Amino acid sequence: MNAEETLSARQREATQEAARWFSRLMAVDAQEAAHGAVHDAWRQWFARCPENQWAWRKVEAVRHCFADVPREIAAPTLQRMNAQRRRVLRLALMGTAAVPLGMLLADVPSEWRAWNAQYRTAVGQISRVPIGGGVLAVLDTHSAADVVSSRNEDRIVLRSGRVYVKVADVMATDARAPDARATDAGAQGATATSPRPLIVQTDQGLVYAEAAEFTVGIQGNHSRVRVNQAAVRVVPCAPGAAARFVRAGECADFSDTEVGALQHRPSKVFAAWHTGSMMAVNLPLGDFVRKLRAYRPGLLFVDDALAALPVSGTFPLSRTDLALDALENSYPVRIRRLTQYVTWIEAREA
């Protein structure tokens, strides 16, 4: 089953209609004589089909985000909104720009922005994000992202969770930074065109890649980038923050003000989750359970006495019951399913 939660053509049309109705109803608030007729027409539109009702609930959700803001705070904030933000918001409300709703919510809680993202995965789902330019992008379980493409770049705005990215033409044997490779190419008189830039954006900063294989994940108030091939450039979003290259086999956490110390994390099997599998090589059962929990609704426990048991093999992430059955068939453990959402791994009786 495809786990992508994208909008259908009818849902997109209904979203644009809902935005126009919202703008129209706000415009006639001061014209009480006309308000009744407009409101009746809106009610007819609302009752016409489920897609219209779905779209209006999204508009209401955004409206309620701002409804509780005190006037003395909201008014100065709106007055300070720059011209570009006002233009984008106006175009979106009028339905003349295909702007993801989540992109307009930069000042509301991250949970709202993730909920309104173009692409979302539920617990246990792993899904490709459609993006051109020879880029393979895969959202991990319980993740959300928007995609913004322009003439010069593709940008993945990660709202929550984790994304795997592989840009075409990866130079696996050259882990130098992109600017160093470009300098060498210029010195040799190379005429090849540079790959289309790809950016992954989080609340903490930007990750730039021209040709690389890497993951970016959000972990609380910081983000983590891990690189398998080539290199990426990490730029925290705070003004004046220093950028840093993260190269193949390296991992780094970054906040909005700095990139942390580089950690060496080379791996023969990089981000196997993006293929729908967990590959374990002598992985302690406690760590195995911790990883599997992210892909399984409900609660999963393991007896402390079994936490150090080494586990090896390939296990499906989309069907965690099968993964647990494989574990039971290969190791001295018993899987106790207390309810549909509570599972316990205990030692098998002799």
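1. Arg296 counts as buried, at 8% relative accessibility (buried is under 20% relative accessible area, exposed over 50%, partly exposed in between, with a 1.4 Å probe and protein chains only). The model is predicted: local features need pLDDT of at least 70 and side-chain atom pairs pLDDT 80 or more, whereas totals for chains, interfaces and linings use all residues. Residues are numbered from 1 along each chain as its sequence is written, and side-chain values use heavy atoms, without hydrogens and water.

2. Arg296 is placed in the loop between α8 (285-293) and β15 (299-302); helices (H or I, at least four residues) and strands (E, at least two) are DSSP runs numbered from the N terminus. The side chain of Arg296 forms a salt bridge with that of Asp321 at 3.0 Å, N to O, the criterion being a side-chain nitrogen of Lys or Arg within 4 Å of a carboxyl oxygen of Asp or Glu. Asp321 lies in helix α9 (residues 320-330), so the pair ties together parts 25 residues apart in sequence. Asp321 is partly exposed, with a relative accessible area of 39%.

3. A further salt bridge joins the side chains of Arg337 and Asp325 (3.2 Å, N to O). This pair links strand β17 to helix α9 across 12 residues. Arg337 is partly exposed at 38% relative accessibility, as is Asp325 at 29%.

4. Arg334 forms a salt bridge with Glu346, with the closest N and O atoms 3.1 Å apart. Arg334 is in strand β17 and Glu346 in strand β18, 12 residues apart. Arg334 is partly exposed, with a relative accessible area of 41%, whereas Glu346 is buried at 14%.
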